[in-house]
Structures are given as C-alpha cells and as structure tokens.
Amino acid sequence: MKIIACIKQVPDSEAKVKAENGQITWGEAPLVINPFDEYAVEGALQQKEALGGTVAAVCIGPESAKEALKHALAMGSDQAILISDPALSILDTAGAARVLAAAVKKIGDADMVVFGRQTLDDGTGLTAAQTARALGWPMLGLAGQIKVDGGSVQIERVTEEGRQSLKGKLPAVLSVVQSIGEPRYPSFMGIRKASKAEIPVWTLADLGIAAPETVVKRLEIVTPPARETVVEIIGGETPAQIAEQLADKVLAEKVL
Amino acid sequence: MKTLVYIDHFKGEIQPASWEALGLGKSLGSVSAIVFGKGLDAIIKAAFEHGAEEVYAADDAALEDFRVEVYASTLSALASSTNPNLILFPMTARTRELTAMTAMDLNSGVLTDVTGLEANGDKVIATRPIYEGKLLEKVTCSAPIQLVTIRGRAFPKPAQEPVKTGKVNKVEVKSEALTTVEGYSASEVAVNLGDAGIIVTGGRGVSNNPSLTPPDGLDEKQAEIWRAQQGFALVTDLAGVLGGAVGASRAAVDGGYITYAHQVGQTGKVVSPDLYIACGVSGAIQHLVGMRNAKVIVAINKDPEAPIFKVARYGVVGDLFQVVPALTEAFKKKLGK
Ligand SMILES: Cc1cc2nc3c(=O)[nH]c(=O)nc-3n(C[C@H](O)[C@H](O)[C@H](O)COP(=O)(O)OP(=O)(O)OC[C@H]3O[C@@H](n4cnc5c(N)ncnc54)[C@H](O)[C@@H]3O)c2cc1C
Ligand SMILES: Nc1ncnc2c1ncn2[C@@H]1O[C@H](COP(=O)(O)O)[C@@H](O)[C@H]1O
C-alpha cells in the first residue's frame, strides 16, 4: 500500500483570529496541523499497519508548514513533502487540487490519497473531491471506517442520514471523519525522528505545472458583529419553580 | 439573472434548505429546479409548488444512489447546455462533493456554506463564515457559471403554492459511476441538525447521575453508557415536547452515549437554531464554534464557572437530572401538550 495523506497547517482553534487592515491575524497563537487532517493521517497509518506499505504526508504551504508535516512524521508517516512556491500564495481549492494531483502523480504508484473532512480556516471541504476529479479516481468521502480488499476499498460513509457502505476500485481518493478513531499521539521516538527529518520542498517547476488560475476570489474580510450576551441565571426554590420561570422566559423570546 | 437550483434529497426526503435556495434564486430573477434520482414525481411536483418555473429532471436507475462521479458528469453537461449564471445548492454532505467536482468540469469555483448573497448584474457576491465563524469573508467566482451552496436556515423559505405546475425537461445521464453503494444502515435515523430550529444537546454531564443504579452484570464502561442513556432519554423528551432535534457534545459521542451524527462543534456540525438548550455541556471552544450563533442559548450545568454560561442568554446552575424533566413538564403544560 502506498498511501498519501494531504494535510494543511492552520491557526489553532483557541486562537483569537482578527481582521486588521484587510489582513487576517492570530497574534502569537500557534499554527497546528488542521485537526481534521490528523484523522486523515490516523486513517492512513491504520491502513499501513493492516496491509504494510508507506505513508507520505503532503502539504501545500509556506516554509513554516514543515512543522505540520513534522507532526505527521512524528505520528508515524514515512515521508513528508512540502509544496511551496510564491505563485501559490493565492490559491482556491480547485487550484490546490490541481497541484495536489500533480504531486500525487510525481510521487507515483499511489494506491490511496487520504484527506481530512475540511480545513478550519477556509473550511470549504471541497479539495478532496476536486483532487479525485483531477486524477479521475473514485471519491470515497466521509469515511468512518476503511477496509481494503484486493484491488478495492470499502468505506463506511458517515452522513446525516446514517451510515452507508460505499465501494470503489483502487487507486482512490478518500476523506476521513472522526469515527476513524482518535489520532495517535506522536511517540518519543517519532518526535526525535521527525525533528531530524529533511523535508524536501517542491516548487511548481518540480511538479511541471503552471500556477493554476484562481477563480474564487476574496474581496473583503468582515468582522462579525459582536454579540453582547449577558446571562440571566434563573434561580428558585425547587426544580419545578426554576423550570416554570425558565419556560416563561423562553416563550417570551418567541422562538418556539 | 438565470438561476438553476439543485434540489437535494435522500431517498425522496428533501433537504429543506433546497427550498430556501429556490426562494433565493427567485429573488434574483428566473429560476428552474434540477432534480436527480429515481422516481422523482413527488419532488418535481414540490419544486413547482415552491416556485420553480421549469424543472430539469434526470430520472434514472443509475442515479438511484448518490454517487458523486455520475451525478457531477450529468450536472456539468446540463450546466454547459443550459448556461445559467448561477447554480444554487443547499449545503449538505452530498452537495459538497457534487459542487466540488462540477466546478472542476466547468473550470469554475464554489462559494461554499454561504450565509448572505448580493447580486451585481450577472455576478454574485457571497458572504461566508471562515475560521470557524470568527470572521466573515465576501467572495466571488470569476467563471461564467457560478456555483453557490447555502447554509440551512440562512435564507427565508418561499411560500408554497399548491396548484402550480410547469415544463419538465428530461436530462440524460452522462458517464459511469465509479463507486457502488453496498448498503445503508437501517439503525440510525436521519439527524438533521443543520435545519433544526430547536436543538436540545446533551454533554458528558448526562452520564453523571450517581443515584441511578444500573442493572446487574454491567462493567464500569457499560454502566456509564447505561447512565448516559437514561440522561439522554430526558434530553430527548425535552426535544420531543419542543419539536426539536437532539444534539451532543463530542465527549458524549466519544463516550459511546450517542452516534456521531448528533455531534455539534468543530469536528461535528455547525448549527444555527432559534433555540439551543445545552444540558451538562461545559462549553469548550470546539463546542462553542458549532453553536454560538443560535438565537437563544439556554445552559443547564451544575458548575457556575462552566464557560457555556458565557454564551448563554439564560442559565440554570443545577442538576440536569432534576431541571430537565421539570422543564419538559413546564413546556408540556404551557404549550398545551
Ligand atoms: C480537535 C478537537 C476537536 C473537537 N471537536 C469537538 C466538537 O466538534 N464538539 C464538541 O462538543 N467538542 C469537541 N472537542 C472536545 C472539546 O474540547 C471538549 O472536550 C468537549 O466539548 C467536552 O464535552 P462536554 O462539555 O460534554 O464534557 P465536559 O467538558 O466533561 O463537561 C461536562 C459538563 O457537565 C456538567 N455536569 C456534570 N454532571 C452534571 C449534572 N448532573 N447536571 C448538570 N451538569 C452536569 C459539568 O459541570 C461539566 O461542565 C474537540 C476537541 C479537539 C481537541
Ligand atoms: N494546502 C493544502 N495542502 C495539502 N492538503 C490540503 C491543503 N488544503 C486542503 N488540503 C486537504 O484538503 C482537505 C479539505 O480542505 P478544504 O477543501 O480546504 O476544506 C483538508 O482536510 C486537507 O486534507
């Protein structure tokens, strides 16, 4: 099994993200591997353990994104590749998919390319299916379980309507959700190995493609209007009294 | 503006945000509906009743199960031949993948999970939350056929006109499916949190009722799940009286108390109901990003310091095992149920 996991680096959930002069800032908050992509790496490693083979983590991003790749290495990935090029600073998901598809071809002989469900920053959840389209491979989305059987892969797809079993031929593109299981913590050995790893950087020239056109363009960033909520604590002698008052308050809000 | 609206459904069960998309399309100009699947008469009828001028229908056995490759090829061919300015979709797991692939075929892009839309000639400017709703961005799509998915409950529903009908255009299926659906789990009911106007959520606190005695023969973990299920029964009763859906924190899902489809938050679902009642939920940031846009938030938690109270409009500091059933009774009485 040759597996590729696609990961992105994003500001941590706890970060106070703000718009300043049309730029997005998050102060000193750390950048982390996109939490959904930890599940992707976990899913990839599970398959490597079950079937043998290798996992390569791939990220499009600036030099600093090597830290996210090191996390994937520390979790147990065998290889990490950063794709970085000044021409990629403004990229929409279709563009990212074209670049990732080129990287998958350059790596060669992949059986499976695994994605997270979506990113925390732009959060479109489009890139996996767009990479599948660019490669012409089947898309098996929202996998909560993965089972490879000969030349096919079968997933349990987790959606609002419950689970369904979906099957397609390898090579295939998958996206992974939380039901795959908690991402493993990097081991001490893993962290040591990752800290010493040389991560190659590929440019567009290395991939042999031109910068993709950007179709989706950001015009403006807006800070959402602040919500001033002051909590009103409902007290009372008995639960029945509290409930009585609370129900009246809620009914007065006219939301029922 | 010429708009097509994709009506998303699962085995004939229509995603309500499809009608919100249809209403939005109508407010922008001419609007026709797109319906894919097998056995579509009821959906086509409903599309006319909600304001579609025409319907494009691909009724074919190859489309019985949603398989994204064949759906996307069929949609791309339809878009190329009809040339709309805009295709609107309700945001669902299916339309995420469908729009993604269709955009690749059309050399276009998708404005995803949109909560606001303005028209500027034949172009749209969409507003969408980014960074887990901490910011909003305004985005455009420079391609001639713009694709937009809208978040449920962000746009008003159009009124229904019972007798309206119109022209149905038959759409041919293009290409082959690359996957097969081998089966659906029957045990899970659809949990449509995105469209719910009222959500009652249980957190880890629902397992914390020491005065309940689990049946004999359960190990510690089984006893915890048994306790949690008693707790969730109370949450479900309250949701039932209010006509709402049941949500869960990740701790509740990871604890095995309830399925992942119920999870609200960063790795679950982002919801925006009118009323959100959080029972035994601490209010970790990863939970808050999923629900803080609810109109009215009620928190029931025995810890007065729990961060959930920072986003709540009303709070009760108390034991959910006492407060929740009392609240269910109070609403029953006041709503005449
Ligand atoms: C990458 C990542 C993604 C995550 N994604 C999500 C997500 O999508 N959704 C999510 O919810 N979390 C998510 N989390 C987890 C999140 O950080 C919290 O751990 C989780 O939300 C806690 O759930 P909880 O509030 O139910 O449990 P706890 O934090 O354990 O809180 C339980 C609460 O119940 C109260 N309580 C206990 N007994 C009672 C009682 N009898 N009556 C009243 N109150 C009682 C307690 O006072 C406490 O406040 C994520 C975490 C990470 C790292
Ligand atoms: N810059 C990137 N480099 C590598 N993989 C990415 C990148 N951006 C997105 N992905 C992958 O695509 C998934 C979906 O991202 P998105 O479509 O942006 O929400 C993520 O979870 C990652 O697996």
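This is a predicted model: local features need pLDDT of at least 70, side-chain atom pairs count only at pLDDT 80 or more; totals for chains, interfaces and linings use all residues.
Where is the place of A:Lys66 in chain A? A:Lys66 belongs to helix 2, residues 66-75 of that chain; helices here are DSSP runs of H or I with at least four residues, strands are runs of E with at least two, and both are numbered from the N terminus. Good morning, colleagues. Residues are numbered from 1 along each chain as its sequence is written, chains are lettered from A and ligands numbered from 1 in the order in which they are written, and side-chain values use heavy atoms, with hydrogens and water left out.

To return to A:Lys66, this residue is buried, at a relative accessible area of 18%. Buried means under 20% relative accessible area, exposed means over 50%, and partly exposed lies in between, with a 1.4 Å probe and protein chains only. The side chain of A:Lys66 makes a polar contact of 2.8 Å with that of A:Glu63. A polar contact is a pair of N or O atoms within 3.5 Å; within protein, one must be able to donate a hydrogen and the other to accept it, and residues adjacent in sequence count only if both atoms are side-chain atoms.

I turn now to the ligands. Ligand 1 lies between chains A and B. Around this ligand there are 27 residues, and B:Arg204, B:Ser249, B:Thr267, B:Ser282 and B:Gln286 come nearest; a residue counts as near if one of its heavy atoms lies within 4 Å. An N or O atom in the side chain of B:Arg204 is 2.6 Å from an oxygen atom of ligand 1. The backbone also takes part: an N or O atom of B:Val264 lies 2.8 Å from a nitrogen atom of the ligand, and one of B:Gly268 lies 3.3 Å from a ligand oxygen atom. On its own, ligand 1 has 1,000 Å² of accessible area, of which the protein covers 80%. Such areas come from the Shrake-Rupley method with a 1.4 Å probe; for residues, only the protein chains shown count as cover.

Ligand 2 has 19 residues around it, and the nearest are A:Cys6, A:Ile7, A:Asp37, A:Gly125 and A:Thr127. A polar backbone atom of A:Gly116 is 2.9 Å from an oxygen atom of ligand 2, and a polar side-chain atom of A:Thr124 is 3.0 Å from an oxygen atom of this ligand. Taken alone, ligand 2 exposes 480 Å², and the protein buries 96% of that. Strand 6 (54-60) and helix 3 (93-107) of chain A each give two or more residues to the shell, with the largest share, three residues, coming from strand 6.

What empty space is left in the protein? Rolling a probe the size of a water molecule over the atoms shows where it is. A search of the whole structure finds two cavities of 30 Å³ or more. On a 1 Å grid over the protein atoms alone, a cavity is a set of points where a 1.4 Å probe fits but cannot get out, and a pocket is an open set with protein on both sides within 12 Å along at least five of seven lines; lining residues have an atom within 4 Å of a point. Grid points are joined across faces, edges and corners, and a volume is the space filled by probe spheres set on the points.

The largest cavity has a volume of about 60 Å³, and its lining includes A:Met139, A:Arg157, B:Phe66 and B:Glu97. Strand 9 of chain A, residues 139-149, provides the largest share of that lining, three residues. The second largest cavity has a volume of about 40 Å³; among its lining residues are A:Pro11, A:Asp121 and B:Tyr131.

The second largest pocket has a volume of about 960 Å³. Of its 45 lining residues, B:Arg204, B:Arg250, B:Ala251, B:Ala284 and B:Gln286 are the closest to its centre.

Finally, some points on the backbone. Most residues other than glycine have a negative phi, and most peptide bonds are trans. The bond from A:Leu170 to A:Pro171 is cis, with omega near 0°, and A:Pro171 sits in the loop between strand 11 (162-169) and strand 12 (172-176) of chain A. A:Lys254 has a positive phi of about 55° although it is not a glycine, and is exposed at 71% relative accessibility.
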